[in-house]
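This report is meant for a reader new to the structure. Please look over the sequence and the model before reading on.

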Amino acid sequence: MTAGQRERRAALTTAVIALLAETEPDKIQMREVAERSGVSLATLYRYFPTKIHLLAASMVAWNDRLSRKLAAERCRAAEAGIVDERTVPERVSALYRRQLRAFQRGPNFARLDVELTASSDPYVRESLQCREKANHAATLTLMGGVPDDVARVALVAIDGTMLAALAFWTAGRISHAHAVRNVEDVIALVLADFG
């Protein structure tokens, strides 16, 4: 992509992120995204032929914001010589608490996450795999010293619990506090040997 194409694509995903702060994913209209972004509707459809593709790209862009923030914090801590004295479960729990707080501030992102996870669309799957790769890299950094086979199983258990927690919370079946507790309990269980 050219710089201009990247800018237009970013304008589109930024518009969706702003809309998700106000409305549910299924109520977002492509025309409204085009108007908010300043990108023509025809150009929007060239980048994203379907709404689910646009939503998936926007979810990745939203997630990237947190990933960049975390990377900057780690960089500043390393430059300052700050050593994280927390245990592995404490570090991983802190990361997932931050993610869950972000979802609490933007529940439509949680709804979208659950919806996208259930999609069989190849573009959506690929987008979510990129997001998952970035999230796993951040988590594995916090799991320093945990053997690969244990870390892999831990990620499967934590990710599954996170998805279930988001689904139950957005459906009104559990409170946000209960969702957080479920994720933290699984982290404590699967990483108990590294506490």
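## Aromatic pairs

The model is predicted. It contains 2 aromatic pairs. In one of them, Trp62 and Phe103 are tilted, with 5.2 Å from centre to centre and 50 degrees between the planes. Trp62 belongs to helix H4 (residues 51-79) and Phe103 to helix H5 (residues 88-105), so this pair ties together parts that are 41 residues apart in sequence.

The rings of Trp62 and Phe109 are stacked, because their planes are at 5 degrees and the cut-off for stacking is under 30 degrees. The centres of these two rings are 4.2 Å apart. Phe109 sits in helix H6 (residues 107-117) while Trp62 is in helix H4, so the pair ties together parts 47 residues apart in sequence.

## Cluster and burial

Trp62, Phe103 and Phe109 form one aromatic cluster. Both Trp62 and Phe103 are buried. For Trp62 the relative accessibility is 15%, and buried means under 20%. Phe109 has a relative accessible area of 4% and is buried.

## Positive surface patch

Lys69, Arg76, Arg101 and Arg105 form a positive surface patch. Helices H4 and H5 each give two or more residues to this patch.

Arg101, one of the patch residues, is found in helix H5. Its relative accessible area is 39%, so Arg101 is partly exposed.

Methods:
Residues are numbered from 1 along each chain as its sequence is written. This is a predicted model: local features need pLDDT of at least 70, side-chain atom pairs count only at pLDDT 80 or more; totals for chains, interfaces and linings use all residues. Side-chain values use heavy atoms; hydrogens and water are left out. Rings of Phe, Tyr and Trp (its six-membered ring) pair if their centres lie within 6.5 Å; planes under 30 degrees apart count as stacked, over 60 as edge-to-face and the rest as tilted. Helices (H or I, at least four residues) and strands (E, at least two) are DSSP runs, numbered from the N terminus. Buried means under 20% relative accessible area, exposed over 50%, partly exposed in between (1.4 Å probe, protein chains only). Patches are made of residues with over 30% relative accessible area and no salt bridge: like charges are joined within 9 Å, nonpolar side chains (Val, Leu, Ile, Met, Phe, Trp, Tyr) within 5 Å. Accessible areas come from the Shrake-Rupley method with a 1.4 Å probe; for residues, only the protein chains shown count as cover. A salt bridge is a side-chain nitrogen of Lys or Arg within 4 Å of a carboxyl oxygen of Asp or Glu. Lys and Arg count as positive and Asp and Glu as negative; His and the chain ends are not counted. The place of a charge is taken as NZ of Lys, CZ of Arg, CG of Asp or CD of Glu.
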